[in-house]
Amino acid sequence: MENHVTIPKSSLDFLVQLKENNNKPWFDDHKSEYLIELEHIQNFADALLKELSKTDVLENASGKKSVYRIYRDIRFSKDKTPFKHYWGGSYTRATAARRGGYYFHLEKGNSFFAGGFWGPNASDLKRIRTEFGFNSEAFREILNSKSFKDTFGTLQGEQLKTAPKGFDADHEAIDLLRYKQFLIIKRFTDDEVLSPIFLEQALDTFKKMRPFFDYMSEVLTTDSNGASIL
């Protein structure tokens with residue numbers, strides 16, 4: 001593993017300055033600093049992609065392309081500040097057979113790695129709920145595993161206040177049936193982000209998402225009888 005790839009302190013510090021000076025003239029004056037820090041983040045994203053690709057198949061051509069643009073889309077936003085004050089990026093699993101996506105967010109005091117299903121469409125959500133309604137044991141085993149609990153704690157995401165249509169409020173899997181999003185998140189301290197083993201920890205976090213992704217992939221590529229729909 002390319003252990004020499006690290007996130008320098010300056011990459012987080014630049015974001016703090018950008019947050020305090022979130023305007024185009026300041027950014028233009030500090031464009032050269034921005035480009036230096038961006039390169040550090042892209043190098044990290046590249047190294048992480050390379051390592052992750054040894055155990056998963058991803059659509060991303062390069063780590064560089066997986067890093068989000070720093071420019072915010074302000075067309076439909078009340079917040080008109082032009083720049084994001086975090087480094088973010090994502091990797092997409094390849095082909096319809098592999099579902100779920102990996103996301104990273106680096107920001108002083110607010111760094112986290114996440115995975116899952118942020119906006120599942122109606123048919124995906126229905127299929128997942130049908131599965132939970134029929135049998136939630138296999139999914140609970142994943143959520144209750146030591147690896148999952150130690151890394152992610154609990155499943156996260158928006159939930160309905162009541163039971164979804166077609167299910168009783170006292171259904172044994174109502175706690176799972178209420179979810180509208182299925183997210184797993186691990187937070188990192190600034191010290192962890194800046195440590196020489198951060199790449200290793202980041203990779204380990206993403207690898208530990210796999211049982212969750214594999215379960216969801218199986219469900220979303222089969223019908224309620226378990227027959228493939230691909």
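This is a predicted model: local features need pLDDT of at least 70, side-chain atom pairs count only at pLDDT 80 or more; totals for chains, interfaces and linings use all residues.

Me: Okay. Which residue meets the side chain of arginine 127 in a salt bridge?

Reply: The general idea comes first: side chains of opposite charge can pair when their charged atoms come close. Here, the partner of arginine 127 is glutamate 131, with N and O 3.1 Å apart. Glutamate 131 counts as buried too, at 18% relative accessibility.

Me: How many salt bridges does a search of the whole structure find?

Reply: The search turns up 15. Take the one between arginine 93 and aspartate 214, where the closest N and O atoms are 3.8 Å apart. Arginine 93 belongs to the loop between β1 (87-92) and β2, while aspartate 214 belongs to helix α11 (residues 210-220), so this pair ties together parts 121 residues apart in sequence.

Me: Is arginine 93 buried or exposed?

Reply: Arginine 93 is buried, at 4% relative accessibility. Aspartate 214 is partly exposed, at 37%.

Me: What happens when salt bridges share partners?

Reply: They join up into a network. In this model, Asp56, Arg93, Arg210 and Asp214 are joined into one in that way.

Me: Which residue pairs with arginine 99?

Reply: That's aspartate 124, and the N to O distance in this salt bridge is 2.4 Å. The pair links distant parts of the chain: arginine 99 is in the loop between β1 and β2, aspartate 124 is in helix α5 (residues 122-134), and they are 25 residues apart. Arginine 99 is partly exposed, with a relative accessible area of 22%, whereas aspartate 124 counts as buried at 12%.

Me: Let's switch to strands. How do β2 and β3 pair?

Reply: A general point to start: in a regular strand the side chains alternate between the two faces of the sheet. In this structure, strand β2 (residues 101-106) pairs with β3 in the antiparallel sense, over five bridges. Histidine 105 stands opposite phenylalanine 112 in β3.

Me: What lies between β2 and β3?

Reply: The two strands form a hairpin, with four residues between them. Look for glycine 109 in the turn, which has a positive phi of about 75°.

Me: Which residue other than glycine has a positive phi?

Reply: Threonine 95 is one, with phi near 70°. You'll find threonine 95 in the loop between β1 and β2, and at 48% relative accessibility it counts as partly exposed.

Me: How many residues of β3 are buried?

Reply: Seven of the seven residues in β3 (residues 111-117) are buried. For β4, five of its seven residues are.

Me: Now the core. Which residues touch the most other members of the largest nonpolar core?

Reply: Those are Tyr91, Phe113, Phe182 and Phe212, in a core of 58 residues. Helix α3 (residues 31-52) supplies the largest share of this core, nine residues.

Me: How far does α3 reach?

Reply: It has 22 residues and spans 31 Å from first C-alpha to last, close to the 32 Å expected at 1.5 Å a residue. Its buried residues include Tyr34, Leu38, Ile41 and Phe44, and also Glu37 and Gln42.

Conventions
Residues are numbered from 1 along each chain as its sequence is written. Side-chain values use heavy atoms; hydrogens and water are left out. Buried means under 20% relative accessible area, exposed over 50%, partly exposed in between (1.4 Å probe, protein chains only). Two strands pair if DSSP finds at least two bridges between them. A salt bridge is a side-chain nitrogen of Lys or Arg within 4 Å of a carboxyl oxygen of Asp or Glu. A nonpolar core is a set of buried Ala, Val, Leu, Ile, Met, Phe, Trp, Tyr and Cys residues joined through side-chain atoms within 4.5 Å. The expected span of a helix is 1.5 Å times one less than its number of residues.
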